[in-house]
Each structure stands twice: as C-alpha cells, then as structure tokens.
Amino acid sequence: MEKPEYAVEMKGIYKSFEGVHALTDVQLSVRPGEIHALMGENGAGKSTLIKVLSGAHQADAGEIFIKGEKVDIKNTKDGNDNGVSVIYQEFALVPHLSVAENIFIDEFGFQIKRINWIRLHRRAKEALEAVGFGDIDPRTPVRELSVAYQQVVEICKALTRNAEILVLDEPTAVLTNKEVDKLFALILDLKKSGVAIIYISHRLEEIFRISDRITVFKDGKYVDTVNTADMQPKSLVSMMIGRDLASFFPQRTESKFGDVVLKVENVSAGRMVQDVSFELRAGEVLGLSGLVGAGRTETIRAILGVDKMERGKVSLYGKEIRLKSAKDAFDRGIGFLPEDRKNQGVLLRMPIKYNITLSSIKKISAFFGWLLQKAETVFALDMQEKVGIKTDNLQHNVNSLSGGNQQKVAIARILASDSTILILDEPTRGVDVGAKMEIFKLVNELVYQNYAILMISSEMIEIIGMCDRAVVFREGKSVGVVNKADMTEETLIHYAMGI
Amino acid sequence: MPMLTNADPSGSMREGNLETSRRFVRLLFKYNAIVLLVLMFIVATIISDVFLSPENMVNILRQQSAFMLVALGMLLVMLTGGIDLSVSSMVAVSSIIVCYCLKPMGLQNQSWGLLVSVIMAVVFGFALGSVNGLLVAYLNMPAFIVTLAMMYAGKGLAFIITDANTILLDQAVPAVSVLVGFATGADPLFHIPYPAYVMFALIVVIGLVLHYTAFGRLITAVGSNETAVQLAGVNSKKYKYWAYAICGALCGVAGIILAARTGSATALSTSVSYDMTSIAAVVIGGASLKGGEGNVPMTVVGIFVLAIIGNIMNLVSLGVYPQLVVKALIIILAVLLKSISSKATE
C-alpha cells in the first residue's frame, strides 16, 4: 500500500455558532515530519479549526482524514485515539500532582490496583529523557516547575499517548528567549522523528524561523498554503488582510472633538499591563487595538480599580483620580460594558427591566429605597426605545433575548446611569451582523451627542470602521496611536506585531 | 386526501390542548409547594377530626412563629447565594440572653428591665449575624464554613453563659409574667396568639422590603450574579453583609419568643432544628441554592407545608424518629421537583 502523503487532511470544513460563521469551506493538510504554521488575525478561525480537529467542537460539514483514512471525531477522546494532541496556552495539568502522575494521568482508571511507583517514575524519566529534559524530576509537583517546564511535561504527556499530530497553540507566549530556544530544539527533534506539528503563533519571526509551510486564514476562510522559504513577512501580512470595509460601517456625521476627558499615563498592573498611556476626548471613539492577550481588558480593569493598579496616573477632566471599584467609576460618570456579556454584562435570570435600571436604581427610588414601579417602567421603556431592544415585554428574563439584544440591554443600563464616558469592551462579540450594525449606529449617535467612547475590539476591521483614533497594544504596552487617516490593517498590524 | 384534511384541525386542536396542559404542568412544577400545601391540608382533614379545630390551628400558629422568623432570615441569606448554618445557635443564644438579663442580672426587678432584655436579645442576634456577614462579604470567606464555625461558637457561648444549667424564670415576677403571657396568651377576639402577630408583621415588612425596595432588588441581583452586579457599579458586599445581619436579628426575635413560651432558657435549645427547618422551607418555597431566586410568600407556604406534616404526624401519634424520616422525604421530593422544573425551563 502506498504511504499517505499527509498526516492530517481537513477538507471543506464548515462551522458556525448561533448563526455566526466561524469557518467556511476551510482546508488544511499537514505532512508527517512537517512544522506547519497557522496564521490569521484574531477570529480568523485558527483556534476553531484546531478545536474541530481535536474533537472539542464538531464541524457542521466537512471531512477529516488522518493518515489517509477518513475519521469521525466526535469528542476529545476520539481526537486522542487518532493521535491528535493539542497543547493549549492554559495547560491541562493538575498543579499539585507530580510530573509522573500528570504524564500518565489517563492510565489511572477507576480500579483498585496498587500503583507501581518505581516503574511509573522510571517511565516518566525515560519519557523526559527522550525529549532531552532528563533534568526534570518526575516526583516534583507540577506547580513547582517553571512555565516552560510545564510545557515540556505537556508535550511528554502527548508523546506517551503516541501523538503523531501535535498542535501547539501560542506555545511561546509565556516563555523567555532562552526557553524558546530550548522548546524549538525539542520541536525540531520531534519533527525529525516524523511527528506532524501544527504551530499557531502571532509572532512572525518565530514562524519564519521554524515552520516549513504556512496556511493563512482570513475571516474564517482559507486563503492559501505556502512554503515558508518562498515568503517575505510583508507579503504574508498582506495575505492576512485587505477587504472592503467602507460599505459595512454606518456613515457618521463629522463629529467635533472636545477636551480631553480621561487621561491615562504610564499605567502598570501585573504582568499583563506594563506602561500604558492614552488620552480620550469628548466626542470621539478611541479604539484599543491589539492581539488577544495584549493587555487591553486588563488595562481597563486596572484603571477602574477592579484590579490593583501598581503604577501610573489617571486623570478625569484634568483632575487626578484613583478609582477603587466599578461603583466608583459609575459615580463619576464612567460607564463600563464588560467583555463577557453572559457572565459579567447582564443578569440572565432577571427581568430586562431590572437589568436596565440596575446601575441607576437610585433614580427610581424614593425614601428608604422604596421603588417607584411606574417611574421605573416609564424609564425602562424610554431606554428600550433609545437603544432599540426588540422585545414586547420588559418583564421577561434577559436570557429570552438574542445575543445582540442582550448586549443592547447592557448598553441601555450604562446609558441609564448618565455616564458620559463609555468604556465598551468587545461590544459586538457573539452578536450577529444585523445587531452589530445597530450597535455601531448607536455608538455613532452617542459620539454625536458628545459622549466619549473607549472601544476595545480584537477585530481590526471594527477599529478601522468605527474609531477616530486607535491606541495599539503589544505585550502589555501601548506602542502607538494611529489617526483615522492612517488607519489601515497594515499600520495596525505593524504596531500590534512589531514588524 | 379527505382523511388528511379532516385530521388537520383536530391535530392542531390537540396541539393547542397539549400546549395548555404543558403550561399547566410547568405552573404545577413552579408552584409545587402550594399544591403540596393544599394536598397536606386535605389529607390532614381526612385523617384527623381534630386538625381543623380552632385549638389545633392556633397551636400551629403558635408553634410556627419562631420558625417562620428564622426562615425569613434564611431566605435573605439564600437569595444572596449563601447559607446560614448558625441560626439555631443564634436563636438559642438570644433566648438565653433574655433570661440571663432578667434573672441573673436582675433586670426583672426594674420597671424597664423587660424592654432592655428583649432589645439585648435582638442586638446579640444582630451582632452574631454581623460577624457572619463581615466574614462572608468583606473577607470573601465561604458562607458554609463561616456559619458552621458560628454554629459551634454559639453553642459554646450558650453553655458558657448558662453554665450548662437551665435558667428558670420566676413567673410570679411581673416582668416575667408579661413575657410568658405574651407567648401563651392570645387576643380575646380571634384567639390568635400574640407571637403570630409578630410573625405576620415581619412577614409583611420583609416581604415589602424584598419585593418593593432597591435593597431587596439588589440582594436578589447579587445572588443572581455577583460579578455582573459589581461591574454594574453596585457595592455588592454591603448587601451580602446586611442579609446575614438581618438574619441574625430575626433569630434574635425568634429567641425572645422561644424564651417566652417556656419561661426558661437552656443551651440545649441550640440543637433545635431551626437550621434544617428554615433551609427546607426556603427550598420547598422554590428558592435556588445558587441564589437570586425565591420570595417571601412561597417561603411562608414552605413553613406551613412542614408545619402541617409535623402536625399530622403528631395527631396520628407517629413516633418522633419516623417523623424525621418522613420530613426528610418531603424535603427531597420538593427539591427533586425543583430540579426537574428548572431543567424543563432551561
């Protein structure tokens, strides 16, 4: 029998979530002994494709071939059985168990059998030595290892399950340069032994250093697969971007910028936020752009005082302030829309009306907090009309609404609180295209009414379409401000990736 | 073909009936406590001639007053998504405080002594509840552990204050006879015991606060999703704290009723099942253990479901131990219905 050319072949993969197309007719083929990089912007579909391969998601349509044989991967166990191992950014290790226990964790079944520790530790040692990390003691609890070593343990775990297809999702994000070198040596070793490696990274430099071929995605669609040796970084970037935006975003009447309302200087907080500065003016939409994990949400949380701000200065209308909580922010007219709508933005199991008035409950209360029910209804109806929530009954619970309408409820809540500075964190995430348009229109209207809007978005197209200026984040720092006139995907990527 | 056209209207009619019956079943699940209460009432009336007698009814009211107050406090705490295991201890300590103030401290001989003793009991309950609230809300400790510890602390406190003896009040003293008269007496017109009036008043007050004020709204919201409420600019900790503090104060009032009924106080009453009964009543009333769901009227129903079960079993002279098993079964049944109904609505 002829040896199949590809270790993995995926053809015509479709996947959508609640009507949003994540993958449309996507393909991928990886040879054994090849390091194959996946590239694309945030939300281009790389992670979704990997989840389909590993069995975490099921494709709506499409075929997967492993070593030339068609397979049906229904769950992650099927994925494992077919030799697919994915190493995510957040490791699936049990921190207080030892290295050996973690490597062989799926051998511990529900049975009463004496564990041969000496043998287990010997096998773990052998596995570690095989990848050139014999210095790791199999008896050490995983939590005591550095992140890089934890990654090695993950890789060992995958290899002992005879993984022939290894997926690494942003493996270097948390590593030092020295650790990266060691990891790359290991990956090249694995390549020699015939493992097919799928490598996801935002760092172009790494991709050029290590990969054999690159597959590029854009907006959930397959663009091309190319040999790395034939490519230049610039030409790769232009493959990732380039679309017609103008038609998608609603037109805005030229707004006049007012004074600076919020000024952030040299803010640092934890590992994710290191030296961030920007200014927000009344009557403008300021975008916070950057790759996922660049520290945008964390910056906002530090400014609001939800997380601790270690260094830096925040001024509101020229006066230095230090916010202690979201309540503090709302009291000063700063409204915050969290990125995780279902867990942080709305109360799903409570009525729409109560959600709308949650941040402004004082307005509808009389003595001793007695609620003025009629006033509340009038107020809520008013806000409903303003943001256009589609429902015939404000008494219904929020979870009866579509994602877009839930998001509008959250926006209505912020507007009801009389905030004039609005911080919107991924306002269109998980929202269908129609509702996206309506949210954008609303944002335009608000800017026209002289609100100051800070919008975080991982989709560059949104930043370009909506924002007057954009601050670009890279690895916890604000690395550049781009004005509307210069705003193209090239410039944003230039700052976001540092090329 | 004609068969098909004939079948169509009847089919849609059947579908309509199905929809109505489905809605009915859903309502039945949601308000299963009311169905349970009516059922219990009918069964009790059939089983025993005595059940419907005014004396028995008055008796039920008298017995349930203290339990009801504790259940109201428990409802507040459970709405925030917490639990209070220390209620029995708080009730017992408060009842001991009343008697301790009156007799060993000698306040029974002062004209204002009774008033001070009673207030002291509520203050003590409030203080213990406040400790729970501070630890849970501001130090982010798990309610289960905090209130479990408070349960033991309260027990210890009760034995320390009483020196493990019963404080028996002398009913010849005017202040004591007023106190005991309050619990054992009834209004001359309807013969409803006075503690029942306290119970009714607090049901109304807590009901109004919970369903018609910002405070009540936010307590429920905090239980529904604390992170979201915090990010919406609400000081969620404050509301959590007050739920425990008010629960403590209500236990204080329950403690006064307990002391008044017997004219005595003992540390052994830390073992009365106020905790189990109140948690069961709140859950039978449809509240969610995760918080954010539950209301006063259904909690009242929950208490009376348990009360009537207990009453029937007493009337048919069922032994004390079998009674525990039957009560447990009823609680399991109610929670089972709740989990089925919440699955159905999802």
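Me: What makes two strands a pair here?
Reply: Two strands pair if DSSP finds at least two bridges between them. This is a predicted model, where local features need pLDDT of at least 70, side-chain atom pairs count only at pLDDT 80 or more, and totals for chains, interfaces and linings use all residues. Residues are numbered from 1 along each chain as its sequence is written, while chains are lettered from A and ligands numbered from 1 in the order in which they are written.

Me: Why are β12 and β15 of chain A called edge strands?
Reply: The open sheet runs β12-β11-β14-β15 in chain A, with antiparallel pairing. β12 (273-281) and β15 (319-321) of chain A each pair on one side only.

Me: What makes about 105° the angle between α9(A) and β11(A)?
Reply: Axes are lines fitted to C-alpha atoms, for helices over the stretch in contact, and angles run from 0 to 180 degrees between N-to-C directions. On that scale, α9 (296-304) of chain A makes about 105° with β11(A). This helix packs on the sheet, touching β11, β12 and β14 of chain A; contact means C-beta atoms, placed from the backbone, within 7 Å.

Me: How many residues of chain B are in contact with chain A?
Reply: By that cut-off, 18 residues of chain B meet 24 of chain A.

Note on methods
Helix = DSSP H or I, 4+ residues; strand = E, 2+ residues; numbered from the N terminus. Contact = placed C-beta atoms within 7 Å.
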